[in-house]
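Hello,

I am passing a structure on to you, and my notes follow it. Please open the model first and keep it beside you as you read.

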Amino acid sequence: MLLDYLSLSSLTYTLSGFAVFFFVFWFGMWFVHLTAIFYSKYKLHRKVPLLPQEMPYPGVTILKPLTGTDPNLYSNLETFFTMSYPKYEICFCLEDDVDPAVPLVEKLCKKYPNVDTSVFIGGQVVGVNPKINNMEPGYKAAKYELILISDSGIRMKEDTLLDMVNHLKPGVGLVHQMPFTWDRKGFAAALEKTYFGTAQARIYLAANFLQIPCHTGMSTLTRKSIFDELGGIKTFGCYLAEDLFFARALSELGWKITISGQPAWQNSGYCDVTSFRNRLSRWVKLRIAMAPFTLVCEPLSECLILGAFASWAASFLFQIDPAVFYLVHILAWFLLDAILISIIQNGSLPFSKFHLIVCWLFREVLGPWVFFTSIWNPVIKWRTRTYKLRWGGIADEYKQYIDV
Ligand SMILES: CCCCCCCC/C=C\CCCCCCCC(=O)N[C@@H](CO[C@@H]1OC[C@@H](O)[C@H](O)[C@H]1O)[C@H](O)/C=C/CCCCCCCCCCCCC
Ligand SMILES: O=c1ccn([C@@H]2O[C@H](COP(=O)(O)OP(=O)(O)O)[C@@H](O)[C@H]2O)c(=O)[nH]1
């Protein structure tokens with residue numbers, strides 16, 4: 001009898017402990033939502049103030065790693081030639097001279113002879129990260145103290161670089177653009193925009209507000225002297241997620257990290273649900289290897305999963321109807337996400353509210369599914385190669401993989 005009583009009360013204590021934990025986490029996520037909304041409102045899309053005339057704009061070396069082409073590559077690259085910034089050079093880095101991007105780059109260099117450009121072919125193997133290997137010769141030849149690393153799918157507005165340089169205040173060592181997307185047509189494009197404008201933006205903005213290193217390297221402005229102090233970009237060639245390790249190393253040196261006023265306008269010409277799913281899966285694997293706490297926190301921070309646990313906790317602790325709780329939870333989460341994406345878009349979305357609801361629901365189901373199907377397989381396919389990740393984030397090339 002006494003034993004029954006004791007085991008019952010220890011079960012009750014254990015369940016109460018879990019219920020309180022889920023409730024606290026649930027409250028934490030509303031804090032993340034609100035932080036992201038307020039911070040995006042404060043930080044994004046501010047008018048770019050010009051530097052005082054007596055302060056000349058610093059020169060910027062743009063490193064543009066390219067491998068292969070896509071239907072939007074030419075027009076995306078062209079936006080780098082038409083930026084309104086007084087002093088910059090573009091270093092195109094290509095893996096080999098038969099790369100289909102070579103003729104596009106040559107055509108653009110001919111069309112804009114006044115823009116300072118150089119082309120580096122062949123890269124240099126300094127690690128496993130193919131992007132770093134590709135950029136190494138361009139990095140070594142960089143003329144200017146400021147370096148912008150900009151992925152192939154990125155599109156610039158006329159004042160994007162100006163905006164980024166303006167954010168590189170004294171003490172700031174890295175300015176990055178929060179991933180978002182350029183307006184494109186179709187379901188996959190709407191899905192991508194929804195993901196980058198809600199689930200990812202929420203964590204990205206809250207982490208940056210709290211100065212937790214959370215940086216994706218698709219569009220990063222930094223100081224060459226910092227890279228040099230850390231041994232050059234080759235120091236990060238052993239990681240596939242060179243971006244996060246660079247951000248951590250730079251924070252340890254005491255430099256600040258900030259996001260710029262404009263998000264990164266990703267505009268890859270290949271936009272379909274399968275590639276998007278594979279990209280998310282590759283990123284999940286990187287995050288788990290680099291920051292193992294994401295193994296628990298990431299699924300738990302998903303709306304549908306957290307809502308289910310919080311509904312159970314609410315019914316256990318306060319006898320609230322779990323079905324009603326769950327529905328209200330999902331509705332409130334969606335409304336906050338809708339506010340966030342509209343702030344980031346800074347104008348009307350290129351799809352209807354109905355499409356937003358559909359894409360949002362699709363993403364909310366896709367997110368946990370991608371997560372759980374990715375954790376079992378540490379093999380990562382990135383463009384034409386395959387890698388295996390070790391705990392901590394160091395990668396080994398697995399085998400040559402022929403992309404299809
Ligand atoms: C109660 C609060 C709970 C919070 C729980 C948060 C759990 C984390 C959930 C989601 C994480 C989302 C992270 C957003 C960005 C991730 C994008 C990404 O994975 N990018 C990786 C790949 O980028 C490419 O890599 C190759 C490179 O060459 C390309 O140029 C890149 O684009 C990238 O490597 C990873 C970057 C950062 C990962 C950070 C992971 C830690 C997140 C901690 C967040 C904590 C937030 C707390 C808020 C209160
Ligand atoms: O083998 C590779 C893979 C990628 N990249 C470059 O690295 C950047 C990021 O690649 P991708 O867009 O595939 O990364 P994601 O954003 O999907 O992680 C792009 O500029 C690519 O051209 C490269 O030079 N060689």
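This is a predicted model: local features need pLDDT of at least 70, side-chain atom pairs count only at pLDDT 80 or more; totals for chains, interfaces and linings use all residues.

Gln-319 is another residue to look at. The loop that holds Gln-319 runs between helix 12 (303-318) and helix 13 (322-345). Phi of Gln-319 is near 55 degrees, a positive value in a non-glycine residue. Is Gln-319 buried or exposed? Its relative accessibility is 62%, and the cut-off for exposed is over 50%, so Gln-319 counts as exposed.

**The ligand site**

Now to ligand 2. It has 15 residues around it. Those that come nearest are Pro-65, Glu-95, Asn-134, Arg-279 and Arg-282.

For Arg-279, a polar side-chain atom is 2.7 Å from an oxygen atom of ligand 2. For Arg-282, an N or O atom of the side chain is 2.7 Å from an oxygen atom of ligand 2. For Arg-385, the distance from a polar side-chain atom to an oxygen atom of ligand 2 is 3.1 Å.

How much of ligand 2 does the protein bury? Taken alone, the ligand exposes 530 Å², and the protein buries 92% of that.

Sorted by class, the shell around ligand 2 holds 7 charged, 5 nonpolar and 3 polar residues. Which domains supply it? Domain 1 (13-42 + 282-396) and domain 2 (47-177 + 218-271) each contribute at least three residues to the shell.

**The core**

Last, the packing. The largest nonpolar core has 122 residues. Within this core, the residues that touch the most other members are Val-60, Ile-62, Tyr-88, Phe-92, Leu-161, Leu-205 and Leu-221. Helix 1 (residues 2-43) supplies the largest share of the core, with 11 residues. Domain 1 (13-42 + 282-396) and domain 2 (47-177 + 218-271) each give at least three residues to this core. The shell around ligand 2 also draws at least three residues from each of these domains.

Best wishes

Key: Residues are numbered from 1 along each chain as its sequence is written. Chains are lettered from A and ligands numbered from 1 in the order in which they are written. Side-chain values use heavy atoms; hydrogens and water are left out. A residue is near a molecule or strand if one of its heavy atoms lies within 4 Å of it. A polar contact is a pair of N or O atoms within 3.5 Å; within protein, one must be able to donate a hydrogen and the other to accept it, and residues adjacent in sequence count only if both atoms are side-chain atoms. Accessible areas come from the Shrake-Rupley method with a 1.4 Å probe; for residues, only the protein chains shown count as cover. Ala, Val, Leu, Ile, Met, Phe, Trp, Tyr, Cys and Pro count as nonpolar, Asp, Glu, Lys and Arg as charged, and the others, Gly among them, as polar. Domain bounds come from an automatic or database domain assignment. A nonpolar core is a set of buried Ala, Val, Leu, Ile, Met, Phe, Trp, Tyr and Cys residues joined through side-chain atoms within 4.5 Å. Buried means under 20% relative accessible area, exposed over 50%, partly exposed in between (1.4 Å probe, protein chains only). Helices (H or I, at least four residues) and strands (E, at least two) are DSSP runs, numbered from the N terminus.
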